[in-house]
Amino acid sequence: MVERESLAARAGWAVRSWWLIAGMWARSMLTYRTSFLLGLAANVLITFLDFAVLILMFRHTRQLAGWTLAETGFLYGTSSVALGGANLLVGSVSGLGERVRSGTLDTMLIRPAPALAQLAAERFSLRRLGRLVQAFVVLGWSLTALDLRWTWDRVLMVPGLLLCGVVIFCAVLVGCSCVQFWWGDAAELQNSVTYGGATLLQYPPTVFAKEIVAGTVFGVPLAFVNWLPALYVLDRPDPLGLPVAFEFAAPVVAVLCVLAAGLAWRTGLRAYRSTGS
Amino acid sequence: MAVIEVEDVRRTFTVRTRNGRWRREKREVRAVDGLTFQVEEGECVGYIGPNGAGKSTTVKMLTGILVPSGGRLRVAGVDPAARRAALARRIGVVFGQRTTLWWDLPLRDSYELARRIYRIPDARYRANLDRCVELLDLGALLDTPVRQLSLGQRMRGDLAAALLHDPAVLYLDEPTIGLDTISKTKVREFLRETNREQRTTVLLTTHDLTDIEQLCGRVMVIDHGRLVLDGPLEDLHAAGESERTLVVDLAAPHPPIELPGVRTVKVEGPRQWLAFPARQSAAPLVAAVAERYPLVDLSVREPAIEDVIARIYTGSAAEPAR
C-alpha cells in the first residue's frame, strides 16, 4: 500500500522539499526587512574587503609565486563561487549538532520530506547571495583580464569546473557535519575544512608547500575544485607533476565525494536513531 | 483491525558514566522493557506515566524515530523504523510545548506547506482545512503571523496542521499544557469530534486527568518501561483508590469537619481540605457541608495523575514479587 520510489524520484523529491522549505525561510527572513538589508550590506562589504586584500598585495608585486593578478583572480572567483554556492544550498547542515543536542531533529524525522533536505534548507536566507554575487563579479573581471586564447575546450571547462566545485564543497560540508552526530560541538572541524580550504584555493598552489597541495589532492580533495582544472584553463605546469588526467578528474571526484557524504549521513542518522540521545 | 500493534518491544540505552580518571563504566538502562499492547482503529487511548517511565521512548519508536532493541512493532501495517518516511504520511504528531508552525509567517502558509509536503489532493485539503477552521475557530487567524498568536490559538493551529493529511494515527503529547480553561475545552471538543467523525486513532500522553476523563475510553499506565495498567478509566480510579479534594472556606476557623465517607486532610484557619472517593459525586457532600457549617466558598480539585500512579505502583510493589 505504500509504494517504494525510484532513486531518481527520491532525489527529485529531496530537491523539491528543499525548494519548498527554503522558500518558507526566505520569506520568513524577509519579514524583518531592515535586518535583512543590513545583513546583505554587511555581507557584500566583508566579501569585498576580502578581495581588496588581494589587490593591495598586487600593488607591491606584479606576480604572486609566478601567477598574475588576473590568474589569481580566476582562482579567487572560482573558489568563492564554489563555496558560496555550496553554502547557499547546504550551509545550514552545520547546525546539526545543535539539533541533535536539543532533540529538534526529531521533528524533521516525522515529516515525509528527507531530513537532510529539511536540515539543508533550515534558516535559508537570500542574504547568502551576497557572497555569490561578489564571487561572480571577481570571476567575470578575471575572465576579461586574462591573457589567453579562448579555445572551446577552455570555455567549456569553466562552467564544468564551477558545477563540480559546488558539488564537491556541498559533499564536504555535509560529510564533515555528520561528525556532529557523535560529537555535538564539532562545527569547527567543518568550518576549518571548508572556509580554510576555500581560502587556500584562492591563492596559487605554488605559494604553498608541496605537502599541503598534495593533501588537497589525495586527502580532502579540494584541489579538484579549482587548482587542478585551472592549470588546464590557464595553461600552467602542475607543481606536483601529476598526470594530465588529474586536471579533468573533477566530475569523478565530485561523484565519489557525494557517495561518501551520503554514506556518512546514513551512518550518522542510523546511529542517532539507535541512540536517540 | 488493530492500527497499532506492539509485541514484547524493548528498548535499552547504553549510559556511560565516568568513574576515576580513565575508567568508564557502561551501564544498560531499560527504558522500555517488554511492552505489549494493541490499539484498534478509532480508539482514543490515554498513555500516562511519570516522567522517565518510557512514554516518549514508546512514541518515538511508534513514529519510527527510534529503532527498537527488540520485539515487533506495526503502525498502520508498517514497520515504523524501516519505513519511517512512508509512515510519516499516515501519522500526525502534536507536541504541546513545541510548535511546528512557521513562526514569522501567516498561519495559512504553514498549511500550504503541509499541503505540498504531504501531497494532499486539493479537494481533500480544502475540505479538511474548512472543517478545522470551522471547528477550531481559526478563520480570523489564518492571515496572522504565528508569533502573534496566543498559546491557545497556536495550539489550535498546530492541531489543524497535524490533521490536514488525514492521518490514520494522531499522537498528542500534552496537548492542553499551559492553556486556559476555555482553550482546553475547545481543544478537547475538537479532538472528540475528530476521533468520532474521522475515525482517527488517538494516542494521548498527558498529565491532566481531565483530558483523559473527557476523551479516552481506555487508559494505559506505564512505569519503569512496563504496562502496569491497561483498561477503562474506572480501572485507574479503582486501582489507584484515587480521591478528589473538596476545598471549603468557612465563615470562621472551625474544628475539623466530620462527615461520613470523608477524610479531613488539612485545616488552615477557615479553610479545610476534604478528601472523598473520585467516583463519588461532589454534590451531596457539598449539600451536607452547607447544611451543617457556615460555608462561604468552595472548589473541587481533581486527583493528580502522579498520585494515582504512585498509589498503583506502591500497591503492586507491596504484593509479593512473582
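**Note on a predicted two-chain model**

1. Thr245(B) stands opposite Ala275(B) of strand S12(B). S12 of chain B (residues 271–277) is joined by seven bridges to S10 of chain B (residues 243–250), and the two run antiparallel. Strands here are DSSP E runs of at least two residues, and helices are H or I runs of at least four, numbered from the N terminus; two strands pair if DSSP finds at least two bridges between them.

2. This is a predicted model, in which local features need pLDDT of at least 70 and side-chain atom pairs count only at pLDDT 80 or more, while totals for chains, interfaces and linings use all residues. Residues are numbered from 1 along each chain as its sequence is written, with chains lettered from A and ligands numbered from 1 in the order in which they are written.

3. In chain B, an open sheet of four strands has the order S11-S12-S10-S13, with antiparallel pairing. Its edge strands, each pairing on one side only, are S11 (263–268) and S13 (295–301) of chain B.

4. In chain A, helix H8 (residues 152–177) packs with helix H9 (residues 187–201) at an angle of about 160 degrees, the axes being 8 Å apart (axes are lines fitted to C-alpha atoms, for helices over the stretch in contact; angles run from 0 to 180 degrees between N-to-C directions). Therefore H8(A) is roughly antiparallel to H9(A) (under 35 degrees counts as roughly parallel, over 145 as roughly antiparallel, 65 to 115 as roughly perpendicular, the rest as oblique).

5. The contact takes 24 residues from chain B and 18 residues from chain A (contact: C-beta atoms, placed from the backbone, within 7 Å). Helices H1 (55–63), H2 (84–88) and H3 (107–117) of chain B each supply at least two residues of the side of chain B that touches chain A.

Terms used
Contact = placed C-beta atoms within 7 Å.
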